Amino acid sequence: MNLKIALLGGDGIGPEVLAQAVKCLQAVEETFNHHFTYKEAPVGAIAISNDGNPLPTETLQLCKDSDAILFGAIGALKYDNNPEARIRPEQGLLKLRKELGLFANIRPVKVFPALVKNSVLPKKVIAGTDFVIYRELTGGIYYGKKTLNEDATLASDLCEYSEKEIARITHLAFKAAKKRRGRLTLVDKANVLETSRLWRKVVTEISDSYPEVHFECQFIDNIFVQLMTNPSQFDVILTENMFGDILTSQASIVIGSMGLLPSASVGNENAMFSPFHGSYPQAKGKNIANPVAAIFSVVLMLQHFGLYEEANAVSAAVQKSFKKGITTTDILGSDKYGTDYVGDYIADHIVDSDEDPNINDENIGLGKSTII
Ligand code: IPM
Ligand code: MN
């Protein structure tokens, strides 16, 4: 397969972890005879310092012309510590999502047997955890009208949702639940918010078309408790933009490290793949960031293009690194391997299971062959 891939490393550790993801893609090209081309473009704080625009026109154009986007991370301390900055790195990402119509953000959360000890939660609580969050990505409070009065003493952010915006992601989430364990949980705050009541109405109506999926609703405050006490009850979680942002970060606690989880942002025409984690500027250039979230983003990308064998091969190589303890310092018991070393190890262990009978055991051992 030929694929044009846009590389948007962004800020902080973004470019370092993306470089490891590219190594793995190159290994996939070689092993499975594909041809991928890569073009880099600036976004975020780095783009602001180049020409004052967090999403330069050429970057947006490159993304539109590519088959897929691999995105690193965005954000810089300079802006985090200055609430008055009007131009901010995050605006680049938000605009990119909107312009490309990436309305569904898909974040799988699965406990890896080899890393159970890494979670702060007891083994018996996290055992069997395997769910996926469908977060609406181009609506809600992130994009509603924002106001600040003249003397900067009163501010507001409007949260708006249309039935259409809710329906399109809801269908994706139900279809996913149908293929998985047949459970969908809508997370909202329908006891307080009008937008949540609209979500509940629309999703409940749509649920009639998916009788094989068990549908339930939970309030956002309760789900935080459930996630920490009984995460294995969840299969597909569907929620709006802001709740989804917070919920996905909280879900990473179950796994024990933000550095392990990938996400896919998809729309009708474009698709972008990136780690859950932020730009972690304190770690930039230190060769300590965990590249696994970026590498798992490659797995999601390969699955998106129907390259399942390739996705399995990358996933199996990552599992092997876990088993051998070739992990970065955020993983307990790690021998403190560097970002580069872990990236090289994983890329070097990507093999075609048809040609290496030994690797089959690894795949079978995963239970499911892929991470979604
Ligand atoms: C995420 C991030 C972004 C978000 C930021 C960087 C704008 O936190 O993808 O979870 O809030 O959506
Ligand atoms: Mn977030």
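Reply: In this predicted model, helix H7 (residues 163-179) packs against helix H8 (residues 194-207) at an angle of about 45 degrees, and their axes are 10 Å apart. Helices here are DSSP runs of H or I with at least four residues, numbered from the N terminus. Axes are lines fitted to C-alpha atoms over the stretch in contact, with angles from 0 to 180 degrees between N-to-C directions. H7 and H8 are therefore oblique to each other; angles under 35 degrees count as roughly parallel, over 145 as roughly antiparallel, 65 to 115 as roughly perpendicular and the rest as oblique. The crossing of this pair, H7 and H8, is right-handed, meaning that the near helix is turned clockwise from the far one by less than a right angle.

In contact (heavy atoms within 4.5 Å), H7 contributes residues including Ile-166, Ile-169 and Phe-174, while H8 contributes, among them, Leu-198, Trp-199 and Ile-206.

Residues are numbered from 1 along each chain as its sequence is written. Local features need pLDDT of at least 70, side-chain atom pairs count only at pLDDT 80 or more, and side-chain values use heavy atoms, without hydrogens and water.

Notes. Chains lettered and ligands numbered in written order. Helix = DSSP H or I, 4+ residues; strand = E, 2+ residues; numbered from the N terminus.
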